[in-house]
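Let's take a walk through this model, helix by helix and sheet by sheet. Have the viewer open and follow along.

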Amino acid sequence: MEIEESINKTNNKEGLFKRLFISDSENISTKKRLFNGLLIFLLLVFVFIFSIEKIGYDMRWGAVFKYKHKFILGFKMTFLLSFFSLFTSLIIGSFFTVASRSKFLPLYYLYRFYVAMIRGTPFLVQIYVFFYVIGTAFNLTNRYIMGIIILSLFSGAYVTEIIRSGIEGISKSQLETSDSLGFNTYQKYRYIIIPQVIKKITPPLAGQFLSLVKDSSLLSVIAVNELTKNIQEADSLNFASIENYLLLAGLYMIITIPLSYLSKLLERKFSYEY
Amino acid sequence: MNINIDNLTKSYENNKVLNDININLKNITSLAIIGPSGGGKSTLLRILAGLEKPDKGNIKINDWNILFNEKYLKTYRKNIGMLFQAYNLFPHISAIRNITLPLEEVHKINKKEAFKKAQSLLERFQLSKHSNKRPDKLSGGQKQRVAIARALALNSEFLLFDEPTSALDPELTMEVLDMINNLRKENKDLILVTHEMGFARKACEYTIFISEGKIIEHGESERIFTSPKSKELKRFLGKLFQWH
Ligand SMILES: Nc1ncnc2c1ncn2[C@@H]1O[C@H](COP(=O)(O)OP(=O)(O)OP(=O)(O)O)[C@@H](O)[C@H]1O
Ligand SMILES: [Mg+2]
């Protein structure tokens, strides 16, 4: 009898634990999501506030607010840089995907070297080399245009690999079927390959664009007037480092969180269709 | 259909898959190709379909003196119908679109007409209620039947089928074989690689037996199955019927 009761008790305890924390079905209730999300959020905030208290740091948000024009300017610039680089890197990625499938060997090797070099070296090194060596040699000195080119070339290598693997994921039998039906190369790409590839690569591309937004911060080293650079400047004037960089993180998240949400959405949409 | 193959040879990396194939057949409407696994049946069919280039040899089918350059092959493939074991339909478009797409794009038939043609064929083979489904919502047998309907819609001069039922369970196999038998009635010339010996025997007038890259024996289907001459064919049929 006693034993039974104690079993019941633990069962009840487990029941409560399960009801609160354990994901039990495909559709977790909104309450449960909110509860668990908030729990972790508060935990993180607590750890942070605790640490700030412990080091005895005195937050001075007023000093940050004084430079808000810099934050706004930088935010706009980062947004624009990312936006244009996103398109350019898609174009570059598409071009090198074609190169990677080309029977013309110089083009194929151009692709090989490009991807190997970009993926094999730090972005920082690429920025310096492109800007100070190639940019200077060819008299390309506009920092903004160079910034977009450099960022697009960097991101383009990853985009290339994403598109390429999307195409390779299309089974050989489909290509053979389209051959046997008499499709020419254009028709094969237009009606068979591209529609399927677009579906397949949208989620990883969204992820790549997320990285692109963050990577744009490195362009500050060539004095592109984007968000990170503006905040570094504000920092040298108001010395409120923690506040400045907290705000910086928040501003990046204003761009990246919608992007990652969008990528989740697209992923779900496309996975249902198959 | 007239088929004339001379000295056809094909190797994959030192592995002679087809070794000096020669055959000359006149006025054949349905031809079965049988033989043990790995014997080279699919390779032969793929060469006949213009999907694979032989190392040497000449092939003439009807008026097609097949030249193995891309330009010739493009025209040639447009005019014949090939059906593989599986995955003949494109997964991202509906059954009916699988039929209308090549009609519109490759054969330049206008949208309305293509749709009407596809619809009437699907209806004829009791597939109309599936016409808007994607292939992943169709059974294996339905998929193959849609693919056969497509080959018919394209008005192919003749059809090449490579084991179209081998990925299907017995019931679905029957429904696909029924449909193929239907084609025969309207004199659509057919070359069929198959493991369905009963079907080869009853539905195809002529049979070729291929083993280890060679044509070992060929003749009227009835004769091939009732009185095989070569010891290879005897052994092959003996093994097959051991469990029947
Ligand atoms: N693309 C290829 N590359 C290398 N070897 C191949 C290729 N295609 C086929 N082969 C080889 O050629 C031989 C004949 O293959 P094929 O597919 O023509 O046989 P098959 O008679 O159709 O057999 P099955 O009844 O199993 O389908 C096999 O040994 C196979 O391994
Ligand atoms: Mg085969």
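Start in chain A, where α4(A) passes α7(A) in a right-handed crossing (a crossing is right-handed if the near helix is turned clockwise from the far one by less than a right angle, and left-handed if anticlockwise). Before going further, some ground rules: this is a predicted model, in which local features need pLDDT of at least 70 and side-chain atom pairs count only at pLDDT 80 or more, while totals for chains, interfaces and linings use all residues. Residues are numbered from 1 along each chain as its sequence is written, chains are lettered from A and ligands numbered from 1 in the order in which they are written, and side-chain values use heavy atoms, with hydrogens and water left out.

Back to that helix pair. Helix α4 covers residues 68–100 of chain A and helix α7 residues 143–168 of chain A, and they pack at an angle of about 45° with their axes 5 Å apart. Helices here are DSSP runs of H or I with at least four residues, strands are runs of E with at least two, and both are numbered from the N terminus. Axes are lines fitted to C-alpha atoms, for helices over the stretch in contact, and angles run from 0 to 180 degrees between N-to-C directions. That angle makes α4(A) oblique to α7(A); angles under 35 degrees count as roughly parallel, over 145 as roughly antiparallel, 65 to 115 as roughly perpendicular and the rest as oblique. By class, the contact of α4(A) with α7(A) has 13 nonpolar, 11 polar and one charged residues. Here Ala, Val, Leu, Ile, Met, Phe, Trp, Tyr, Cys and Pro count as nonpolar, Asp, Glu, Lys and Arg as charged, and the others, Gly among them, as polar.

Now hop across to chain B. In the interface, 23 residues of chain B are in contact with 19 residues of chain A, contact meaning heavy atoms within 4.5 Å. The area buried between chain B and chain A is about 1,900 Å², and carbon and sulfur atoms give 58% of that. Buried area is the accessible area (1.4 Å probe) that two parts lose on being put together, summed over both. On the chain B side, F90(B), H92(B) and E105(B) supply 28% of the area that chain B buries against chain A, more than any other three residues.

Chain B has an open, antiparallel sheet of four strands, in the order β2-β1-β4-β5; two strands pair if DSSP finds at least two bridges between them. Its edge strands are β2 and β5 (64–65) of chain B, each pairing on one side only. Seven bridges join β1 (residues 3–12) of chain B to β2 (residues 15–25) of chain B. Helix α1 (residues 41–48) of chain B lies across β1, β2 and β4, running at about 120° to β1(B).

There's another open sheet in chain B, this one with six strands in the order β6-β7-β8-β3-β9-β10 and mixed pairing. At its edges are β6 (81–83) and β10 (214–220) of chain B. The twist averages 15° from one strand to the next. Strand β9 (residues 206–211) of chain B pairs with β10(B) in the antiparallel sense over six bridges, and there T207(B) is partnered by G219(B).

Which helices of chain B pack at an angle of about 15°? They are α5 (residues 140–153) and α6 (residues 170–185), with axes 8 Å apart. That makes α5(B) roughly parallel to α6(B), and α5(B) passes α6(B) in a right-handed crossing. The residues of this contact divide into eight nonpolar, four polar and two charged.

Helix α3 (residues 95–105) of chain B also packs with α5(B), at an angle of about 25° and with axes 9 Å apart. The two are therefore roughly parallel to each other, and α3(B) passes α5(B) in a right-handed crossing. The contact includes I99(B) and L103(B) of α3(B), and V146(B) and A149(B) of α5(B).
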